[in-house]
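Here are some friendly notes to read alongside the model.

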Amino acid sequence: MTADKPISVLGLEGPPIDDSAAEGRPPHVAPKMPFRRWVRELGWRHLVGIVVGLFAVFPLVYVLSASFNPGGTLTGSNVLFRSFSLDNYVALLNDPARPYAAWYANTMLIGLITAACTVFLGALAAYSFSRMRFTGRRVGLLSLILVQMFPQMLAVVAIYVLMRGISEVFPAIGLDTQIGLILIYLGGALGVNTYLMYGFFNTVPASIDEAAKIDGAGHARIFFTIILRLVAPILAVIGLLSFIGTTSEFVIASVILQSPEKLTLAVGLYRFVSDETNTNYPIFAAGAVLAAIPVMVLFLWLQKYIVGGLTAGAVK
Amino acid sequence: MTTSTVTPQRQRRASAQLPSTRTLLLKIAMLAIVDAAAVFAMTLLFFQENWLVLGIAAAVTLLVNWIYLSPGVLPAKYLTPGLIFLGVFQVFVILYTLYIAFTNYGDGHNSTKDDAIAAIVLQNTERVEGSPVYQVQVVEGLGGLGLLATSPDGEALVGTAEEPLAPLDPAAVTFDGGRATAAEGWTSLGLQDILQRQQAIADLQVPLSDELEDGFLRTSNAVQGFVFQSVFVYDEAADTMTDTTTGIVYSDLGNGQFETEDGQVLGTGWQILVGFENFLYPFENPRYGEALGAVALWTFAFAILSVALSFVLGLFLAITFNDDRMRSRKAYRLVMILPYAFPSFLAALVWLGLLNAQFGFVNEALFGSADIPWLTDPWLAKLSVLIVNVWLGFPYMFLICLGALQSIPEELTEAATVDGANGWQVFQGIKFPLLLVSTAPLLISSFAFNFNNFNTIYMLTTGGPRISGLSENVGHTDLLITLVYKTAFEAGTGRDYGLASALAILIFIVIATISAIAFRQTKALEDLN
Amino acid sequence: MKHSSLMKVAGVGALALTLAACSGGGTPAPAPSASETAAAPGGGGELVIWMDQNRADALTDVIATFEEETGTTVEVVIKEFGSIRDDLTTQAPSGEGPDVVLGAHDWIGKLVQNGVVAPVELGDATADFQEVSIEAMTYEGAVYGVPVSIENIALVRNTALAPEAPASWDDMVATGQAAVAAGEAEFPFLIGIDPNTSDPYHLFPLQASFGGPLFGQNEDGSYNADDLQIGNEGNLEFARALGEWGAAGLINPNISGDIAKEQFAAGASPYTITGPWNLSAFQDAGIEYAISEIPAPGSQPATPFVGVQGFMQSAYSENPIVASQFLTEYVASEEAQTAIFEGGQRAPALTASYEAAQSDPDVAAFGEVGASGLPMPNIPAMDAVWGDWGTTQIQIITGQGDPTQLWTDMATKIQSTIGG
């Protein structure tokens, strides 16, 4: 249906996207509206935004305030921002037994590498599902999604046995290694994300492929130089989703990683509050606040792709 | 677009042109690296005599080479990397879990039969009452490893596993401060040798005399030796374990443990295959059965409501902020996304604190110190869990709907408006169906994810206020997956991985079937479109 | 075409073999990797120890001395205390497990059932340890580790709000309520429990004072799994009392362990029942405290459970001699015991160190309270008890039924789980 329409992937920062702009008419500028109309048309939207925004944000504000409050539990800081001190942050970063900075670096590394590889593997698979016709295509896509539904937390023993086996052949990618953890995460690369990409790939017209073929390009070159650039938005989206999923993953990471300096944020922070006789909620709050920042930054940066990118391709 | 008058044949030839030499070299290099790694691994596996894995590795390597070196098979070339990871780290995991489901692996059945026998004997080796402490020196002679022992009154004795301790002529023995350190005809082992043969030395049992009842000498630190008596004796021929103090004979009745006919069992057992026993557990265990119905119902309700509520909220927000006349919509959007940016288990812990009935922020600050039992009243607990899950999930739905709304072409809306439809009718008739079609697979995956959403539930309520009236320890907010966890790991009979695996597989089958059916429906929807 | 595919195959093959040969030259010749860990060629053996962070800090010097004197290389792996037991059980049989672990004594039954710990023979040195610590580490007649610390809970009171130790349970409650009425405190006393699973460990002294043990005891002091006593009359009395306290708000499921600690540190209550691990938080908050025995609501003394931590040896260790040496000569030595004590706040198990530690008034006070305490049962049958015990307590506290009925049902259920 939208085969001929150029894909609008820019966000809404520029002039509003409506057909008037696309077809050359002067952009529609809204005149100042009378107040009652404003309330009816826009005011309620602001109200909704504020209410839902508060709902979305107050636990996070709460954690922020708890992180500035030395001493206390997550329930004791009921007066928001009762005290303001950076003690918790200082203590967090200066604990030699709990190298928070190392955890941070690990998590970023693992997250980014996993995201990049997931995107790449997914793109390869999505491309083949989208462009090529082969037996088992439909069933294949469906089964990819279904296979990923296995409750992984109960498969922990199997994962441990697998990694132990790998350690015996390639210790560098086995137990207690970050590469091993990345490999396990890549086992989940083909799944719903592939479906999302498949949908988006479908919107790239096949005529582009054909034109390139006639010009003499091989399939690999078509894929890498032409198609990937066109589907950049969905790649950004999947990358972000994968990054978020990886950085908050906890169960498998705690099975695979052992040495204190190799832990990820999720595993390390959990240790602050898991030993009953040794909990430290304020520092945990500080750690959690810092942990949320990169994801937020990444999200802000990729936002424009996401808005247009997620399902633009799925509607045919 | 160029109108192509090229014949199909010419097209095919064009696409079958050889790739450039650079690409070819690159391909060969990468393939070579993979092959080198595979050969390396296979060599190691060969020496470890791990034939099964070796065979699989060889087959896969050959297949990969064939795929990338043959001219055609394009789909395979693109799918192979991802599929390899999927196969090793997902499919294998599922298959291995399936294997465990057929065993009784768990507490009391931790390892092999040999390990169990060794453990039972070791645990039941008692020091003989009132026996003296010997100073020992590990030695080696013609008969193998032995102990050169000095008794408390200074007598030097030597013996091996076969030869009981026999006194030595003092002249043939070198003493060092009251401890015999060397003897003629025997080589004393130095520290390095002892370290190399630790296990053999620790296992060494030198009979004290020809009488078995006198016990044997054993050392655990190569310096001191104590006299022990084995309480449990394993008879290999009869495959029985006998308790010499009580005379009871335990035999292997095929249940992976040593037991007597009237039910006395030795705690340490071993893994065996138990067939379908674990899979039949929910059907054969009446107590579990009562709990199962209520929990299954709640699990479906929880998953469906979570997805539906977050979808509705997300969609509502997407529509609200889709109006280009709002200038601050970017800011609102950012705020809406924040919950998704926060690691989910951290968020669960935070909500746990917020919802504390007496001290939590929600009750103190928002409800004026009311004591609303958010997490301890059965219905409120269900509500709280849903609210937290919606809080965690609505940003994702918001994003999806925002994107989906953008991609619905304006022409359709305009056409409908021209035809006289108002906003709501446009939404109902055009936007919503299109939206559903495009987001359906995501909704189904979300449903599957929430069906198995262990972390959120466990962290908030550990399954929730206990359902009174049931003898099983099941709560009002337990999902099937938390129920499996409790049944397999917290039921009081120890951790039963076999049972957990079997139940996990059953859940997987249920959820996969439902999802597959749901997908078929959406395909039908798409075709209708 | 054919040429090029042949060439491709040949090219790949040649490269691959070259690469493999280069890397193959670097690998050790056909020696399975497993045996390599048994003895390092240059040094004096290897040892892998699993500990939690606190103990590792305290033991660095002792380990350094051990390494120097024996030439062993010690690798300390920091793990979460709660995961050590299960990880040891899963990993030991594969040969990849540790040689020595630090654990709690009530794990021993399970570990023995799974065949992953080996008995440790202390010989005459057994007499050098506090009796309760050896008792705790004993299972079915064999000692399974070297104890290093002993802990128990006691009544900690805020001397500003309650200058004197309470004479009885009613006295304590009265003083507490008076303080609340006078506006000096918010809670009569604080005992932290989980809103869903309670905290049977903290409530146990109260239960014990009604004459309610969990299991009967054998002659040698060990627990008899076949003699479940949890349903006996004394325990039923406790259940009824618990129901009353819950109704009166004395025991509040909304107060978790963390909240109790925080509130007491903020001076919100004159009394709390807790262990030595929270003392530093109270000190930091400037609370003046005193430790005394827990007043008994029943007719018998309120003796708390005694928890013992110790080092255990893996049955699958490939360095049994070195591990044994480490345990019997270093961990059992006064230096190590004192070092661990100074690093944490729990009393040491070696009598010599214990006596020396008595100069610390807190340790002495806790020790006095725990002197008549019994170790937590370490038998595997305890597993069947914890879960239902806790949730039933919550049901009683929140008034969800008749305490006697609930408790009796619980006892029946536990009995059938144990009985199989």
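**Notes on the domain interface in chain C**

1. Across the interface of domain 1 of chain C and domain 2 of chain C, six residue pairs are in polar contact, both residues at pLDDT 80 or more. A polar contact here is a pair of N or O atoms within 3.5 Å, one able to donate a hydrogen and the other to accept it, and residues adjacent in sequence count only if both atoms are side-chain atoms. On the domain 1 side, the elements giving two or more residues are α5 (108–113), α6 (131–136), β5 (138–139), α15 (361–370) and β16 (374–375) of chain C; helices (H or I, at least four residues) and strands (E, at least two) are DSSP runs, numbered from the N terminus.

2. A word on the basis: this is a predicted model, where local features need pLDDT of at least 70, side-chain atom pairs need 80 or more, and totals for chains, interfaces and linings use all residues. Residues are numbered from 1 along each chain as written, chains are lettered from A, and side-chain values use heavy atoms, without hydrogens or water.

3. Domain 1 of chain C covers 46–151 + 307–375, and domain 2 covers 154–305 + 378–419, with bounds from an automatic or database domain assignment.

4. One salt bridge is counted between the two domains. The side chains of C:K110 and C:D383 meet in a salt bridge at 2.7 Å, N to O (the rule: a Lys or Arg side-chain nitrogen within 4 Å of an Asp or Glu carboxyl oxygen).

5. In contact terms (heavy atoms within 4.5 Å), 22 residues of domain 1 of chain C touch 24 residues of domain 2 of chain C.
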